[in-house]
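Visitor: I am new to this structure and would like a close look at one part of it. Could you show it to me and walk me through it?

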Amino acid sequence: KPRKTCQNTANQRILGGIFIMIKILFICHGNICRSPMAEFILKDMVRKQGISEQFEIASAATSTEEIWNGIGNPVYPPARQELAKHGIDCSGKQATQLKKEDYDYYDYLIGMDTRNIRNIESITGHKGGKITMLLEYAGRKESISDPWYSSRFDITYQDVTEGCQALLEYLKKEKKIINKETWKETQNLDVAEIKKISKIGRFGGTVFHGTANLVKEMIYLCSR
C-alpha cells in the first residue's frame with residue numbers, strides 16, 4: 001500500500017489553500033490603474049522569491065465605472081506601459097467589482113486611499129480588521145495618488161512598490177510566509193508527521209502560529 005501523503009491525495013491543492021495560502025485583494029476606485037498595478041507588482045515579487053504558491057493575489061474596484069454589461073475594461077494603457085517598463089505583464093486583466101463576500105474570502109483587503117477605505121467598508125459592511133491602506137505597511141499614513149488625475153504613473157509605481165515590499169516584510173515578520181524549502185517539504189508529509197508538527201508547533205525552520213487549527217485541517221484533508 002503506498003504511503004499516504006498530501007502529495008498523493010487529490011486534496012493537495014486544497015491543502016495549500018487552507019494551510020498556507022495568503023489571499024490578498026488590492027482595491028481602488030476603478031480597478032484599471034493603482035490596484036492592478038499593485039496586483040501585478042506583488043505577483044512579480046513573490047514569483048521572483050519563489051513563494052508564489054503561497055499566495056492568491058487579485059484586485060477589484062469599488063465602483064462599476066470601468067465595467068460595462070458585466071465586462072470590465074483592461075488596465076489603463078499608461079499603467080500597463082509603466083508596468084511593462086519594469087518587465088511586468090498584466091495582459092488579460094479586466095476590471096471587476098468588489099463584493100460583500102470578498103471580506104470573508106480574502107485575508108487582506110488593501111485600499112489605495114481613504115476614499116477607497118470608506119467605500120470598502122460600505123460594500124463589505126466591515127470596518128478595520130482586514131481592511132488597510134497599502135502604505136500603512138511602510139509606516140506611512142498616506143494615500144497613493146491616483147495617476148488618472150496626476151498622470152505620474154512613475155510615482156504611483158514607486159509608491160506601490162514600496163508598499164508591496166513592506167507588506168511582504170510584514171508577512172515574513174508575522175511568520176505568515178513559509179520559506180520555499182519548507183514549502184516543498186510539506187507536500188510530502190504524511191498524517192503521522194503532521195500530528196507530530198501539531199505537538200511541537202514547528203516544521204523545519206518555520207514556527208506556525210495558530211498551528212493547532214491549521215494542522216487539524218491538514219490531518220482532515222490528508223486522511224480523506
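How many helices and strands does the secondary structure of the chain come to?

Guide: Happy to! This is a predicted model, in which local features need pLDDT of at least 70 and side-chain atom pairs count only at pLDDT 80 or more, while totals for chains, interfaces and linings use all residues. Residues are numbered from 1 along each chain as its sequence is written, and side-chain values use heavy atoms, with hydrogens and water left out.

The secondary structure of the chain comes to 10 helices and eight strands; these are DSSP runs numbered from the N terminus, helices being H or I with at least four residues and strands E with at least two.

Four strands form an open sheet in the order β2-β1-β5-β6, with parallel pairing (two strands pair if DSSP finds at least two bridges between them). At its edges stand β2 (55–61) and β6 (131–133), each with a single partner strand, so one side of each has no neighbour in the sheet. On average, neighbouring strands are turned by 25° against each other, direction ignored. Strand β1 (residues 22–28) runs parallel to β2 and is joined to β2 by seven bridges; Lys 23, for example, has Glu 56 in β2 as its bridge partner.

Now for α2 itself. Helix α2 packs on this sheet and touches β1 and β2, its direction making about 170° with that of β2. Contact here means heavy atoms within 4.5 Å, and angles run from 0 to 180 degrees between N-to-C directions, with axes fitted as lines to C-alpha atoms, for helices over the stretch in contact.

Where they meet, Met 37, Phe 40 and Ile 41 in α2 touch Ala 79, Glu 82 and Leu 83 in α3.

Finally, look at Arg 34, which has its place in α2. Arg 34 counts as buried because its relative accessibility is 2%, and buried means under 20% relative accessible area (1.4 Å probe, protein chains only). Leaving aside residues up to four places away in sequence, Arg 34 touches several residues, including Cys 28, His 29, Asp 113, Asp 146 and Val 160.

Definitions and conventions:
Buried means under 20% relative accessible area, exposed over 50%, partly exposed in between (1.4 Å probe, protein chains only).
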